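The stops below proceed one selection at a time.

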Amino acid sequence: MIEMGENILIYLPAVPLGTALLAFAIRSRRMVETVHFLGISILALLSLLLVKSVLDGQSLFALDGMLFADELTAILILLIGVIGFLNGFYSIGYMRHELTHGEENEKGVCFYYGFYHIFLFTMVISAISNNIAIMWVAVEATTLGSAFLVGFYKHKTSAEGAWKYVLICSVGLAFALYGTILTYSNAFSSVQDAHRAMLWTELVRMGQDLDPQLMKLAFVFVLIGFGTKAGLFPMHTWLPDAHSEAPSPASALLSGVLLKCALFAIVRYYAIALQVVGKEFPNSLLLIFGLLTVGVAAFFILMQNDIKRKLAYSSVEHVGIIATGLGIGGALGIFASLLHTINHSITKSLLFCTTGNIMMKYGTRDANKIRGMLKVMPFTALMFMAGIIAVAGSPPFNIFVSEFTTLTAGLKSGHFWAMILFLLFLVIAFVALVLLISETVFGPPSEDLPRGDANWLTLLPFGILFVFMAWLGLYLPDPLNQLLQGAVSVVLGDK
């Protein structure tokens, strides 16, 4: 008899895949919205059930160990389920606006929902794969699944962004494939069992039996490969184009969740490397790449006029912060990194959704042409302002907590000069983002702009995200703290 945990692991990818197939077959806007809403709701419920099962200490395996869930997996599945639901809910109001204003027809809207769920399906598979080859395939598949969302509007810039995204990420992931093959061959020479040599849970256990030099080489390739998909410098160049050209709810999903799928793949290999070669080698690489990414992104944020490109470079910055936390290492550094992953997903989803409302009202992404938001669309303006303040790292919001924890971990571990640089880069990004508020939220609006916020379908999701953002800035719930502590133990090999 199949256990409950195995059921969840099978249903999690089956629901978005089935929803996608139905959405592609439907040609009615009302019907596809119903199917879409049911799909994201069931996926969110399953993600919460998986988290509960993991917190209850259940061992979740399926398909002869090919699918697997621990505390680390549960964090990513929680983000996919909850953020996927809220962005999916926002999509309903957003796509109705696009349909009403002639930007899309009903067939195009149905295809949007189909690709939205294909995207969710590929991310779920990447999260629950215990087989490192399937994990690589799933991360590669997220590129193909989301590329159609990036090029959804069929503009010249959208097509360029989609092709750039596919080409750069595919080349990058070829490096990750080589790292995967090296890891497999390293394990197979030790255990002489093809199945066991592919399973992440087995690779962590056999860490002392693997060749350290081969593992170092594999980790370098993995960091370059999956780091390209995550947006680490200097492999980040695809990200501003892809995130700025996609529909706003898709941009929110790309930034809020997709980048984390690639980062969590790096974390899986980081956990293996800690067992095989110790902490110095992987920590040094991650700290260098992390600080470079934060620094470069901070200056690019300052230079952008396009709001969505500014937010995309902000995502690059926060990927660098997550990598910096991992590079600092130790229980506190890894905890800060994983907490920042959650905080960034919430905050950036809120910001991209509010940007969607701004574009629907003003018809532009150019910050120089957006003025007086507080008078034109007060609720959206307040949420946008709160999101910018939060993503800049100001208290009392959630990102301040994880950035401060990262800084504390760095100072405690003796990385004094690295943390001085880190703090300097954060200040530059802070200035660049706060300037955006003064440019867009205040000032006299154009007289011909109609006053009033968008419909409630586009306001409710980022209202909920704001509550999460403020709540996690003031209090970390015990179940989430338990999940994070468990994930830290998984990475350090204490479980």
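Select D211 and Q213 at the start of helix 9: a side-chain oxygen of D211 reaches to within 3.0 Å of the backbone nitrogen of Q213. The model is predicted, so local features need pLDDT of at least 70 and side-chain atom pairs count only at pLDDT 80 or more, whereas totals for chains, interfaces and linings use all residues. Residues are numbered from 1 along each chain as its sequence is written, and side-chain values use heavy atoms, with hydrogens and water left out.

Helices (H or I, at least four residues) and strands (E, at least two) are DSSP runs, numbered from the N terminus.

Colour the helix by accessibility next. Buried means under 20% relative accessible area, exposed over 50%, and partly exposed in between (1.4 Å probe, protein chains only). Buried residues of helix 9 include M215, A218, F219, F221, V222 and L223. Which helices cover the buried residues of helix 9? Among them are helix 5 (132-150), helix 6 (156-191), helix 11 (248-277) and helix 13 (307-328).

Proceed to G231, which follows helix 9 and has a positive phi, near 95°. In the loop between helix 9 and helix 10, select P234; the peptide bond from F233 to P234 is cis, with omega near 0°. Most residues other than glycine have a negative phi, and most peptide bonds are trans.

Returning to P212, display the distance to G278: their C-alpha atoms are separated by 9.1 Å, although the two residues are 66 residues apart along the chain. G278 is in the loop between helix 11 and helix 12 and is partly exposed, with a relative accessible area of 24%.

Select T347, in helix 14 (residues 330-362). Is T347 buried or exposed? At 0% relative accessibility, T347 counts as buried. Its side chain makes a polar contact with the side chain of N398 (3.2 Å). Such a contact is a pair of N or O atoms within 3.5 Å; within protein, one must be able to donate a hydrogen and the other to accept it, and residues adjacent in sequence count only if both atoms are side-chain atoms. Show also G387, A390, V391, I399 and M469, which are among the residues that T347 touches when those up to four places away in sequence are not counted; contact means heavy atoms within 4.5 Å.

Then select P396, in the loop between helix 16 (378-391) and helix 17 (398-412). The peptide bond from P395 to P396 is cis, with omega near 10°.

**Aromatic pairs**

A search of the whole structure finds 24 aromatic pairs. Rings of Phe, Tyr and Trp (its six-membered ring) pair if their centres lie within 6.5 Å; planes under 30 degrees apart count as stacked, over 60 as edge-to-face and the rest as tilted. Begin with F61 and F68, whose ring centres are 4.9 Å apart and whose planes stand at 35°, so the pair is tilted. F61 is partly exposed at 32% relative accessibility, whereas F68 is buried at 9%.

L63 lies in the loop between strand 1 (60-62) and strand 2 (67-69). Its phi is near 55°, a positive value in a residue other than glycine.

For a cluster, select Y112, Y113, Y116, F152 and Y153, which are linked by ring pairs.

**Cysteines**

Finally, select the cysteine sulfurs. How many disulfides does the structure hold? The structure holds zero disulfides, a disulfide being a pair of cysteine sulfur atoms within 2.5 Å. C169 is in no disulfide, and the nearest cysteine sulfur, that of C261, is 12 Å away. C169 is buried, at 0% relative accessibility. The sulfur of C353 is 17 Å from the closest cysteine sulfur, in C261, which is too far for a bond. C353 likewise counts as buried, at 0% relative accessibility.
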